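Welcome, and please have the sequence and the 3D view open as you read. This short report takes you from one pair of residues to the protein overall.

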Amino acid sequence: MNGEASRPYVYTRRPLVEPDWRRLPGWRGVGDDLWRDAQWQRAHCVKNAAQLRAVVGDLLQESFYADLAADAQRFATMPTLLTPQLLNVMAPDAVTGPASFTEAFLADPVRRYMLPVCSDRHPEWPSHPLARRDSLHEAEMWAVEGLTHRYPTKVLAELLSTCPQYCGHCTRMDLVGTSTPQVVKAGLALRPVDRQELMLDYLKRTPGVRDVVVSGGDVANVPWPRLEAFLLRLLELESVRDIRLATKALVGLPQHWLRPDVVEGVGRVSAVARARGVNLAVHTHANHVRSVTPLVAEAARALLDAGVRDVRNQGVLLRGVNATQADLLDLCFALQGEAGILPYYFYLCDMIPNAEHWRTPLHQAQRLQEALMGYLPGYATPRIVCDVPYVGKRWVHQVAEYDRERGVSHWTGNHGVGPGRDGPSAPGDRFPFYDPIDTLPEPGRLWWARGEGRR
């Protein structure tokens, strides 16, 4: 950050680019119509090394596959599931040749969080000692299965536990996706229809809830007729005034949100929401400017034209991906200026297992928030937030107490919804969050190495 401060960011408008997928041997015969087909994209996702080889041929060296296999066996908390759309934005300008392509592929910021390898992980501290599989304790706060009531007026409705693509740093790694050698997933037990009925019944009985985030997993994996039916029933509840649809697939599989039946369905739901004065928005998840392509912009604008109030981005602050002023501003200008997507939040990466190489210390996040100010319109300047267990989202400057040597911050809650460590939390209770240990000064690293932070 100090080096960046001496070189102020200079804005230059850059058009969005869809890399030519035909540069990859396995897709040389794929035409535009197939590429834009959502079903083709889903059917050709990369789920393992053999499928990756079928796409890139000899462009990746054997060392990369060994690195990928080692990560799957030792560290991966999420299975591999990579859409062609996302694989295509990795190393788009790499020089053809195994050595140069492998080097560029390993360095690619999208690859670093969508297709992690063993050499990415921190050799001494791959996990924080206090990392948790359900790091935000969402399942503890289920009012009914899949419905997290964490805030006084807001709930999170997890309709399913799958996505069209899996991010390595997924905060719901305990629930979402299939099991890995490290993580046997908790999963959802009820049939989707039964789970939705329980959710709707709870919301009918709890009129203090006005805001419903419909998520999972990813709502793009809910068959549209089923999702539309659920949304229309939500819109029948007079107490519900905000509905947000959470979908990484706007970035990972924009083809889904361009399907005529989906666009028409969004239009029907939007019309009902507008008639009833309900704010309907879509939230997506882009972490690097390379993933924002013309197809992503087209899909976002299709949603806006269909009547949703906003399309917003909730990214994650990740080392090696976007944790610089230039990376964040490049992404925000692409989102806001070129794709019609509002930069909304950047979260500190949650304290899940094997995520230390991605996480950033609080003081760096604070400097990054300051570095973003003054460049974007105020309404489009994203907030960098820490999602504190048992507290909720807090702007990074709202920390109540911060020991930088040991990397321990304390945060104050202002409401009492949801359980705390020893029962329901109360306003004013303080809860901790922790910096990655490898970023601490030596005395702090030694303190954790002695195990004192666990006491």
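## A salt bridge to start with

Arginine 13 makes a salt bridge with glutamate 338, and their closest N and O atoms are 2.9 Å apart. A salt bridge here is a side-chain nitrogen of Lys or Arg within 4 Å of a carboxyl oxygen of Asp or Glu. This pair links distant parts of the chain, 325 residues apart: arginine 13 sits in the loop between α1 (2–5) and α2 (32–35), while glutamate 338 belongs to helix α15 (residues 325–339). Helices (H or I, at least four residues) and strands (E, at least two) are DSSP runs, numbered from the N terminus.

The two partners have their own surroundings. Arginine 13 is exposed because its relative accessible area is 59%, whereas glutamate 338 counts as buried because its relative accessibility is 16%. Buried means under 20% relative accessible area, exposed means over 50%, and partly exposed is in between (1.4 Å probe, protein chains only).

## About the model

You are looking at a predicted model, in which local features need pLDDT of at least 70 and side-chain atom pairs count only at pLDDT 80 or more, while totals for chains, interfaces and linings use all residues. Residues are numbered from 1 along each chain as its sequence is written, and side-chain values use heavy atoms, with hydrogens and water left out.

## Other salt bridges

How many salt bridges does a search of the whole structure find? The search finds 28. Side chains of opposite charge can pair when their charged atoms come close.

One of these pairs is aspartate 120 with arginine 111, whose closest N and O atoms are 2.6 Å apart. Aspartate 120 and arginine 111 are both buried. Arginine 191 and aspartate 194 form another salt bridge, with 3.0 Å between the closest N and O atoms. Here arginine 191 counts as exposed at 53% relative accessibility, and aspartate 194 counts as partly exposed at 31%.

## A hairpin and some backbone details

Now look at β9 and β10, which run antiparallel and are joined by four bridges. Two strands pair if DSSP finds at least two bridges between them. Valine 388 has glycine 392 in β10 as its bridge partner. The two strands form a hairpin with three residues between them, and tyrosine 390 in the turn has a positive phi of about 70°. Tyrosine 390 lies in the loop between β9 (383–388) and β10 (392–395), and it counts as buried because its relative accessibility is 12%.

Histidine 137 also has a positive phi, near 60°, in a residue other than glycine. You will find histidine 137 in the loop between α8 (109–114) and β1 (142–144); with a relative accessible area of 15%, it is buried. Another detail is the cis peptide bond that joins glycine 216 and glycine 217, with omega about 15°. Glycine 217 is in the loop between β4 (211–215) and α10 (224–234).

## Inside the protein

Is asparagine 313 buried or exposed? Asparagine 313 counts as buried because its relative accessibility is 1%. Asparagine 313 is in strand β7 (residues 310–317). Leaving aside neighbours within four places in sequence, asparagine 313 is in contact (heavy atoms within 4.5 Å) with residues including Thr284, His285, Leu335 and Tyr344.

The largest nonpolar core has 137 residues, and Leu52, Val214, Leu234, Ile243, Trp257 and Ile384 touch the most other members. A nonpolar core is a set of buried Ala, Val, Leu, Ile, Met, Phe, Trp, Tyr and Cys residues joined through side-chain atoms within 4.5 Å. Apart from its neighbours within four places in sequence, isoleucine 384 is in contact with residues including Leu317, Phe346, Leu372 and Trp395.

## The overall picture

Stepping back, the protein has 17 helices and 15 strands. Its C-alpha trace spans about 60 × 60 × 45 Å along the principal axes.

Of the 455 residues, 58% are buried. Among contacts with a separation of 6 or more, 76% are between residues 24 or more positions apart.
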